[in-house]
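Here are my notes for you on this protein. Keep the structure open while you read, and take the points one at a time.

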Amino acid sequence: MPHTKCRCCDSLLHQTFVDLGVSPLANSFITTEQLNKMEPFYPLHAYVCDRCFLVQLGEFESPDQLFNHYLYFSSYSSSWLLHAEQFTEMAVERFQLNDDSQVIEIASNDGYLLQYFQQRNIRTLGIEPAKNVAKIAAAKGIPTRTDFFGESLAKQLVREGYQGDLIVANNVLAHVPQLHDFIAGLKALLQPDGVITIEFPHLLHLIKDKQFDTIYHEHFSYFSLHTVQSLLARHDLKVVDVEQLNTHGGSLRLFVRHHEHRKPIHINVAKVIQQEQASGLDDLTTYVQFAGRVKQMKVDILTFLVEAATMHKKIVGYGAPAKGNTLLNYCGIGPHFLPYTVDKNPYKQHLYLPGSRIPIKEPDEIRRTKPDYVVILAWNLKKEIMDECSFIRDWGGKFVVFVPEVEVI
Ligand SMILES: [Zn+2]
């Protein structure tokens, strides 16, 4: 095994969290023309640092295309847009933002969030490395810088007169290869009185609910509040408050300020740290046991599929999320079990899932083919999908989720 160092504390990594074998990049969808070609697979092996407990992927040859071209546009999920709108309302009120304020979002995607700030005449700036996505945001009139965020870009922006009263770094930290450079950038770009919000899927839920499919190559790190807090402290930033959210199977929203800011630290911070300790996140054994639990899930998922196939049940998928690709490739599920999946995102339709090569069709296909089971691969949108597809009940169809365990609904 090559020696890899912890992204947070530089210790050598030797403790496996879970080894998911080899997998293609979760967002490298295959076109019809590419079907007769090979595709690259990369090791998907997560470690836990036995010193700081940061869960992270071991180093792998990281291809340039990882973030250059993204098929995920935030605006295609209605519950995600609602989350963005509610976030805007909360932030405007809580931080009293007005037309003098500057909001900067890192990884601003297609402008799904900043559009709501703009509607309130607040100055916005998006930073988005994926060129095709940034272009869509720019077309909507949202000023967008196509670049990777780090300390040097932050300093450049400050020279150009930008500084954030609010810096939004939601669901981006996991994607950051160089954590210290990224946090140093946040520190540099923050007004003395400004606030940073950071949202990330909480490692507590990943472990508790066995969300192993949220592990994929684009996600380098998996965080607890404890690890993020110590990471921020090394850059003279402090977590002043934290909220627990239902997004992505359980996330945290941190409010972060300069270390010397007068704002006292809310009791919520200590409460979440206590929860983490009560769940054993400060004990290496908790991490070491994870792999065995994931292996059992694979057995349960395959048992369900084999039994359903034996009874000649028709099973299809719903959603083509990155997490679905981790699950399908780890479990070795292809079109023999799931002849197709559907997705609302037109950019994904008529493509094939990487690795498993399951075709992606329009949602209407479910109505036409009347399957017995619809496996919800995007389990974080379970409620939304079940509402939209409730018509499968007309022919006795049922929904299935695989995470945290196989459940027929
Ligand atoms: Zn470490």
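1. How many of the 409 residues of the protein count as buried? The share is 44%. A residue counts as buried if 20 or more other C-beta atoms lie within 10 Å of its own C-beta. Keep in mind that this is a predicted model.

2. Now the overall build. The protein has 13 helices and 17 strands. The C-alpha trace spans about 65 × 45 × 40 Å along the principal axes.

3. Look at how the chain meets itself. Take the contacts between residues at least 6 apart in sequence. Of these, 69% join residues at least 24 apart.

4. Next, the domains. The assignment gives domain 1 as residues 74-287 and domain 2 as residues 301-408. Their centres, taken over C-alpha atoms, are 31 Å apart. Domain 1 brings 14 residues to the contact, and domain 2 brings 12. On the domain 1 side, 3 of the residues are nonpolar, 7 are polar and 4 are charged.

5. Strand 1 and strand 2 are antiparallel and share 6 bridges. Here V18 faces A46 of strand 2. Strand 2 and strand 3 are also antiparallel, with 3 bridges. In this pair V48 is opposite V55 of strand 3. Strand 3 (residues 55-57) then pairs with strand 9 over 2 bridges, again antiparallel. Q56 has S221 of strand 9 as its bridge partner.

6. Is strand 2 (residues 42-48) largely enclosed or largely open? It is largely enclosed by the rest of the structure, because 5 of its 7 residues are buried. Strand 2 also forms a hairpin with strand 3, with 6 residues between the strands. In that hairpin F53 has a positive phi near 70 degrees.

7. There is another hairpin to find. Strand 10 (residues 237-245) and strand 11 (residues 251-258) pair antiparallel over 8 bridges. V242 lies opposite L254 of strand 11. Between these two strands are 5 residues. In the turn, H248 takes a positive phi of about 50 degrees. While you have strands on screen, recall a general rule: in a regular strand, side chains alternate between the two faces of the sheet.

8. Finish with helix 7 (residues 225-233). Which of its residues are buried? They are L225, T227, V228, L231 and L232. These residues cover an arc of only 165 degrees around the axis, so they lie on the same side of helix 7.

9. What covers the buried residues of helix 7? The cover includes helix 5 (179-189) and helix 8 (267-278). It also includes strand 10 and strand 11, the two strands of the hairpin in point 8. Find helix 7 first, then trace each of these covering elements in turn.

How values were computed
Residues numbered from 1 in each chain as written. Predicted model: local features only at pLDDT ≥ 70, side-chain atom pairs only at ≥ 80, totals over all residues. Helix = DSSP H or I, 4+ residues; strand = E, 2+ residues; numbered from the N terminus. Buried ≥ 20, exposed ≤ 12 C-beta atoms within 10 Å, placed from the backbone. Contact = placed C-beta atoms within 7 Å. Pairing = 2+ DSSP bridges. Arc of directions from axis to C-beta. Domains from an automatic or database assignment. Nonpolar A, V, L, I, M, F, W, Y, C, P; charged D, E, K, R; others polar.
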